[in-house]
Amino acid sequence: RLHHLPMPAGLTEEDINLIIEADDFAFVKEHQSREVSAAYSQQLVNHINTTLQSNAKPGDHLRYALLSAHDTTILSVMSVLGAPITHTPPYASDLNFLVFETGNNHYVVRITYNNVPVTLPACGGTE
C-alpha cells in the first residue's frame with residue numbers, strides 16, 4: 001500500500017488490515033523490550049541528557065534538542081524514557097527536548113513526541 005503496489009490476489013481488505021496490524025504489533029513489541037531499547041538508544045539518551053544538563057546554565061543558549069530519527073530509534077528512546085509508544089511512529093516523527101528555567105537556577109525538561117507532551121512516569125508529569 002505504501003508504494004501503491006497491488007495486493008496479492010485472494011486477500012480481502014480485512015486480511016490485509018489484519019496483516020498490517022499484526023506486523024505493527026510485533027514491530028512495536030520488539031522495541032518495547034527494556035534490553036532491546038537500551039541496546040539501541042541508551043547511549044543516545046545519555047548524550048541528550050549530558051548535552052541538556054551542560055547547557056542548563058544562566059547565559060547558555062542551547063536549551064533544545066530535536067531528534068528526528070528512524071522509527072526504531074524513536075520507539076527505543078521512548079522505551080528507555082519509560083514512556084513506550086504503542087504504534088509504529090509515522091513518517092517524519094520527532095522527539096523534542098526543551099529546557100526551561102523555572103526559577104533561580106532551576107530547570108525543567110519538557111519532551112514532546114510529534115508536538116504532544118510526553119508524560120514520564122519517573123517524573124510524574126510532562127515537566
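Predicted model: local features only at pLDDT ≥ 70, side-chain atom pairs only at ≥ 80, totals over all residues.
Visitor: How many bridges hold β2 and β3 together?

Guide: Strand β2 covers residues 95-103 and strand β3 covers residues 106-113. Leu98 has Arg110 in β3 as its bridge partner, and Val99 has Val109. The pairing is antiparallel, and the count is 8 bridges.

Visitor: Which residue in the hairpin of β2 and β3 takes a positive phi?

Guide: That hairpin leaves 2 residues between the strands. One of the hairpin's residues has a positive phi near 60°, and that is Asn105.

Visitor: On to β3 and β4. Which residue in β4 stands opposite Thr112?

Guide: β3 and β4 run antiparallel and are joined by 2 bridges. They also form a hairpin with 2 residues between them, where Asn114 in the turn has a positive phi of about 50°. The residue opposite Thr112 in β4 is Pro117.

Visitor: Is Asn115 buried or exposed?

Guide: Asn115 sits in the loop between β3 and β4. Its phi is near 70°, a positive value in a residue other than glycine. The cut-off for exposed is over 50% relative accessible area, and Asn115 comes in at 64%, so Asn115 counts as exposed.

Visitor: And what is the relative accessible area of His4?

Guide: His4 belongs to the segment before α1. Phi of His4 is near 60°, again a positive value in a residue other than glycine. His4 is exposed, with a relative accessible area of 73%.

Visitor: Is α1 oblique or perpendicular to α3?

Guide: Helix α1 (residues 13-32) and helix α3 (residues 71-80) have axes that come within 8 Å and cross at roughly 50°. Perpendicular would need 65 to 115 degrees. That angle therefore makes α1 oblique to α3.

Visitor: Which residues of α3 does α1 meet?

Guide: The crossing of these two helices, α1 and α3, is right-handed. By class, their contact has 3 nonpolar, 5 polar and 1 charged residues. From α1 come Phe27, Val28, His31 and Gln32, and in α3 they meet Asp71, Thr72, Leu75, Ser76 and Ser79.

Visitor: How is α2 set against α3, parallel or perpendicular?

Guide: α2 and α3 pack with their axes 8 Å apart, at an angle of about 90°. That angle makes α2, relative to α3, roughly perpendicular.

Visitor: How many charged residues does the contact of α2 with α3 have?

Guide: On the α2 side are Arg34, Ser37, Ala38, Tyr40, Ser41, Gln42, Leu44 and Val45. These meet Thr73, Ser76, Val77, Ser79 and Val80 in α3. The contact divides into 6 nonpolar and 6 polar residues, and the charged count is 1.

Visitor: What is the relative accessible area of Ser37?

Guide: Ser37 lies in helix α2. Leaving aside neighbours within four places in sequence, Ser37 is in contact with His31, Gln42, Ser76, Ser79 and Val80. Buried means under 20%, and Ser37 is buried, with a relative accessible area of 0%.

Visitor: How many residues of α3 are buried?

Guide: The buried ones are Ile74, Leu75, Ser76, Val77, Met78, Ser79 and Val80. They pack against α1, α2, β1, β2 and β3. α3 is mostly covered, and the buried count is 7 of its 10 residues.

Visitor: Which residue with a positive phi follows α3?

Guide: The phi here is near 90°. The residue that follows α3 with this positive phi is Gly82.

Key: Residues numbered from 1 in each chain as written. Heavy atoms only, no water. Axes fitted to C-alpha atoms, helices over the stretch in contact; angles between N-to-C directions. Helix = DSSP H or I, 4+ residues; strand = E, 2+ residues; numbered from the N terminus. Parallel < 35°, antiparallel > 145°, perpendicular 65-115°, else oblique. Left-handed = near helix turned anticlockwise from the far one by under 90°. Contact = heavy atoms within 4.5 Å. Nonpolar A, V, L, I, M, F, W, Y, C, P; charged D, E, K, R; others polar. Pairing = 2+ DSSP bridges. Buried < 20%, exposed > 50% of the residue type's maximum accessible area, 1.4 Å probe, protein only.
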